[in-house]
Amino acid sequence: MKRLIGSIHIVIALFVLHGCTYDKEEILRPPAPVAVCDTANMRYSVEVMSIFNTNLCMTCHGTTASSTGNGIRLDQYGAIRGLIDLANIDNGRLMRSITHTGPFPMPKNAAKMSNCNIAKIRAWIQRGAPNN
């Protein structure tokens, strides 16, 4: 019986000592991967419209824009082109609205969209805001 108790104490001691190693935290818990914001090949009809839909822009600036969106349509290329300043991208009405640096921050009464989505729209404008 003494031998069994002694063996149990040895096993417990081994578990305790094994648990007291000095492991590096970055090995045990590697940092979360950093999300990459891909701004290559931005297209109005796919990526830009998807951003507008995801951020509920079309709720006010879609087909009902005349009554709720102050007449500003984001679902028509010709209308959105008028909100863009190719010579000074950050001075255009669209960029000033989505970056919350102009008089009409959008989305209205909400936090601005993610920096990645803003970067995607900026990249599309930098490429000349093509109707693609």
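I take a contact to mean heavy atoms within 4.5 Å. I take helices (H or I, at least four residues) and strands (E, at least two) as DSSP runs, numbered from the N terminus.

**Entry 1. Model and conventions.** I note that this is a predicted model, in which local features need pLDDT of at least 70 and side-chain atom pairs count only at pLDDT 80 or more, while totals for chains, interfaces and linings use all residues. Residues are numbered from 1 along each chain as its sequence is written, and side-chain values use heavy atoms, with hydrogens and water left out.

**Entry 2. Overall chain.** I looked up the secondary structure and found eight helices and zero strands. For burial I use relative accessible area: buried is under 20%, exposed is over 50%, and partly exposed lies in between (1.4 Å probe, protein chains only). Of the 132 residues, 27% count as buried. Among contacts with a separation of 6 or more, 49% are between residues 24 or more positions apart. The chain exposes about 9200 Å², of which carbon and sulfur atoms supply 59%; the areas come from the Shrake-Rupley method with a 1.4 Å probe, and for residues only the protein chains shown count as cover.

**Entry 3. Helix 3.** I listed the buried residues of helix 3 (residues 44–54): Tyr-44, Glu-47, Val-48, Met-49, Ile-51 and Phe-52. Their cover includes helix 4 (58–61), helix 6 (77–81), helix 7 (93–98) and helix 8 (115–126). Leu-56, which follows helix 3, has a positive phi near 60 degrees.

**Entry 4. Cysteines.** I count a disulfide when a pair of cysteine sulfur atoms lies within 2.5 Å. The structure holds one disulfide, and this bond joins Cys-37 to Cys-116 with an S to S distance of 2.1 Å. The pair links distant parts of the chain, 79 residues apart: Cys-37 is in the loop between helix 2 (25–28) and helix 3, and Cys-116 is in helix 8. The S-S torsion is about 95 degrees, so the disulfide is right-handed. Cys-37 is partly exposed at 29%, and Cys-116 is partly exposed at 25%.

Cys-57 is in no disulfide; the nearest cysteine sulfur, that of Cys-60, is 9.0 Å away, which is too far for a bond. Cys-57 counts as buried at 11% relative accessibility, whereas Cys-60 is partly exposed at 32%.

**Entry 5. Largest pocket.** I define a pocket on a 1 Å grid over the protein atoms alone, as an open set of points where a 1.4 Å probe fits, with protein on both sides within 12 Å along at least five of seven lines; lining residues have an atom within 4 Å of a point. The largest pocket has a volume of about 470 Å³, taken as the space filled by probe spheres set on the points, which are joined across faces, edges and corners. Of its 20 lining residues, the closest to the centre are His-61, Gly-69, Phe-104, Met-106 and Lys-108. Helix 7 gives the largest share of the lining, four residues.

**Entry 6. Backbone exceptions.** Most residues other than glycine have a negative phi, and most peptide bonds are trans. I found a cis peptide bond from Met-106 to Pro-107, with omega near 0 degrees; Pro-107 is in the loop between helix 7 and helix 8. Asn-41 has a positive phi of about 55 degrees and is exposed at 61%. Ala-129, in the segment after helix 8, has phi near 50 degrees and counts as buried at 0%.
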